[in-house]
Amino acid sequence: QVQLVESGGGLVQPGGSLRLSCVASGSIFNIGAMDWYRQAPGKQRELVATITPDGSTTSVVSVKGRFTISRDNAKNTVYLQMNSLKPEDTAVYYCHAFITNAPGGRVGGYWGQGTQVTVSS
């Protein structure tokens, strides 16, 4: 059993900031890449940013320069620092991680429950 628990969502004004956190726990041997996705009403879920175990990051063009993904491997935690927020950033944000449960085991993908981010004046 693996659980990803997110926190940090909420309501902010345009131009404001939020920091999302996601902690993985349970049957974990190794965590590979960790990601943040988002899904706005009426739209498909999209990848926002990803970070590898060694700290290499990638983000979509729409959030470059505003969002920063980071991780703390000792805490099994991934973060998304969100600055200069825009109304179009409004969505449910989900964390995702590739996790191996035991030595030599297969890698599986796991999802958090999602946290609402609303950007509105």
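Strands here are DSSP runs of type E, at least two residues long, numbered from the N terminus. The model shown is predicted.

**View 1. R38 sits in strand β4.**
Strand β4 covers residues 30–39, and R38 is part of this strand. Is R38 buried or exposed? Its relative accessible area is 7%. Buried means under 20%, so R38 counts as buried.

**View 2. The side chain of R38 makes polar contacts with two side chains, those of E46 and Y93.**
The contact with the side chain of E46 spans 2.9 Å. The one with the side chain of Y93 spans 3.0 Å.

**View 3. R38 touches residues from elsewhere in the sequence.**
Neighbours within four places in sequence are left aside here. The contacts of R38 then include Q44, R45, E46 and V48. S62, V63 and F67 are also among them.

**View 4. Four strands form an open sheet.**
Strands of a sheet pair through backbone hydrogen bonds, either parallel or antiparallel. The edge strands are β1 (2–7) and β7 (67–72). Each of these edge strands pairs on one side only. From one strand to the next, the twist averages 15°.

**View 5. Strands β3 and β8 run antiparallel.**
Strand β3 holds residues 18–26, and strand β8 holds residues 77–82. How many bridges join these strands? There are 6 bridges. Which residue of β8 is the bridge partner of L20? That partner is L80.

Technical notes. Residues numbered from 1 in each chain as written. Predicted model: local features only at pLDDT ≥ 70, side-chain atom pairs only at ≥ 80, totals over all residues. Heavy atoms only, no water. Pairing = 2+ DSSP bridges. Axes fitted to C-alpha atoms, helices over the stretch in contact; angles between N-to-C directions. Buried < 20%, exposed > 50% of the residue type's maximum accessible area, 1.4 Å probe, protein only. Polar contact = N/O pair within 3.5 Å; in protein donor to acceptor, adjacent residues only side chain to side chain. Contact = heavy atoms within 4.5 Å.
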